[in-house]
Amino acid sequence: MTSRAWLVFVTCLLVVAVPASVGAVDTHGPPRPTAAPADATYAGLSAASAEGGTTTAATANDVLHRTTVLRHLPDRPGEFETEMTFRVPDPVTELEVELEPAASVESTDGFQRTEKGTYRWTGVTDEPTIRFTMPADRTGDDGHEDAADERVGPPSRDGDGYTFVDTGDWGVVRVPGVGLSFRWTEPVGIEETVTVDGPGATGGDIAYFGPVTEYERTGDGERIRLAVADDATLAEPPGEILDALVGASDRLDVGASHDEVFVVAVPTDVEWAARGLQYGESDAWVVADAPLDEANTVWLHEYVHTRQAFANPDVGTTTETAWLVEAQAEYYAGLFALERGLVDFDAFADDLEAGERDPYADAILADPTTWTDDRTDYVTGPLVYGEIDRQLRLATDGDRTLADAFRTLNRNDGAVSEDDFLAAIAAEGGTDVRSVAERYTRTDRRPETWSRTAHEAAFDQPVAQFAYELDAAPIEVGGEPWSPGEPSDADAVAEITVPAGESVTIPVVISNVGDRDGTADATLAVDGDVVDHRRVELAAGDRTSDALTWTPPEPGTYDLRIGSDRLTVSVRSPASVTVTGLEVHPDVAEPGEEVSVTATVEAAADRPGAAVLAFRTPAGTVAEALVVVAPGERETVTETMTFDDSGRFEVAVGDQSTTVTVGPNPIDRVEALPGFGAPTALAALAGLVLALVAVFGRRP
């Protein structure tokens, strides 16, 4: 055999000794700005709501981070610039980006255009960038609108009215979506940051270009940001607007709350398609001259849309239940305005009564083909929804409301159907209330608007009041007690770091703090989505303990909420820790004698790492241990094991391995781990390569 042949043979051995990568590339269709994340690939991402241009996860080795910077182009009205920078972690081996069709790419760094029009990462930089322009002006249905009877301002260019626009002096635009697909060797999470370069503000889905003044208020569950354009004049004091929004946030117990809701008050000197529009997860714009003292105030209407998780494109509704989206927003806007004293009962009732009259009287809500007016869901919808709510309250003596069915719909995995809606109503109020809903949604029959006395009988009943809070009992991760980190100050949120794929169980205390018996609904919300729910009947003054569970699917930072209590959970992949040392004691033992195996672990990035360490022998995984380690520190994890036979056995944790000798006369060979040995084999084979080169590479 020639020296060249020997080298080829050894090279092949080296190649097959390297563990195979795991992962897949899943290409997707056109980007959808509000699509939800997938497990191994991302498509149709919308930018996450975030302030500032940095994130603590930027250098994490299990998170793919995207920074989106938006720039106004005053000298080019009608378009704006977007620059996206991706920080690619080590586990990602391939990355492909699909922009919206309207994007016009101006430059790239680290990306190469493909034949299908996407942009593939070349791998030459860990921070590839793509810069492109987008049209700012949009008309038509781009989100959840508050319908306007009259439009203001000069005529628009196409007569349809704007949903987004740039005038050159200022602009309000939607943040571009992007589709991602990538291949990885270890699962990674996705985190995003969106900023405006220059005067302006953004919540991550909507951005305003131009000087603004920001106000904010925090309720029990959400922080409300109100950005008022300097070119706009508010009809209401900003403090009163924030009070109304925070009041609605506290009142609407349906899950799907957000860490932050962003609302921008826009100027009125263009022809808008509507008085307001909610877009993305929790962003909205509202015309600055919108009043608070009307039954369907747009401020509250758009806020309600931010709480409709079921209305997002990845869930949605069937045709039969499409009316629910606007009906809920109109009804709760009116009800909350009435409860806050912004309007009186007559104004509230007059608004509902319009649903009894032409051109809405003969429409069947579940059959939009019967609608003779495209605002039927805005007008008839609130009347029908309100009557179902009233009947449900009466049937349960005020213990349950239609908001409880709303919460159930927000947990739907697929499109909300008429059957889903009716089943949720029956679960709360029984078959009689379900029959009421069928009568008014599946036929053209209409309820009459109820009187003030009837309203008081249903809506002014004493209701049970509950408090939900984290229990003092330990949180469990993977069935093991797990302590949260200490907040840095009294107002800080507790934080824990956990491995991906391990169940997180949160103990909760449920207290009936009101004066009547009732049914409590304890929910665990993760980034606004309810992931677990407990229904408990409690007498007045009673309390009980329970637990809610969630299994994080992928690395990233998540906001967990139970009632008004919050917990930040950093989820990490196994790649977030590095095993730097491995020792056995004793290293010579008798058969059946316990051997202690100690692994030394460090964080692989500049934030805490977490993993489930597998202690492996030739017999397989004999022990597992959860570990969390702070950046710059070391942790040791010790497990015990026994070997029944004499011999020399390999023990491995992570990329580290060692051997233990068992028995007085062990056999000479080492019983190695199946499929392990990659680092050991690589080192040995590399030495063999060097030796072969030295021997066969010499010229005679």
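A256 is buried, at 5% relative accessible area (buried is under 20%, exposed over 50%, partly exposed in between; 1.4 Å probe, protein chains only). The model is predicted: local features need pLDDT of at least 70, side-chain atom pairs count only at pLDDT 80 or more, and totals for chains, interfaces and linings use all residues. Residues are numbered from 1 along each chain as its sequence is written, and side-chain values use heavy atoms, leaving out hydrogens and water.

**Exercise 1.** Describe the backbone at A256 and at D397.

Solution. 
- Start with A256. Its phi is near 55°, positive in a residue other than glycine.
- Helices (H or I, at least four residues) and strands (E, at least two) are DSSP runs, numbered from the N terminus.
- Now take D397. Its phi is also positive, near 55°, and D397 is not glycine.
- D397 sits in the loop between α6 and α7 (402-409).
- D397 is partly exposed, with a relative accessible area of 49%.

**Exercise 2.** Characterise the setting of H305.

Solution. 
- Locate H305: helix α3, residues 298-305.
- Check its cover. H305 is buried, at 2% relative accessible area.
- Find its partner. The H305 side chain makes a polar contact with the H301 side chain, 3.0 Å. Such a contact is a pair of N or O atoms within 3.5 Å; within protein, one must be able to donate a hydrogen and the other to accept it, and residues adjacent in sequence count only if both atoms are side-chain atoms.
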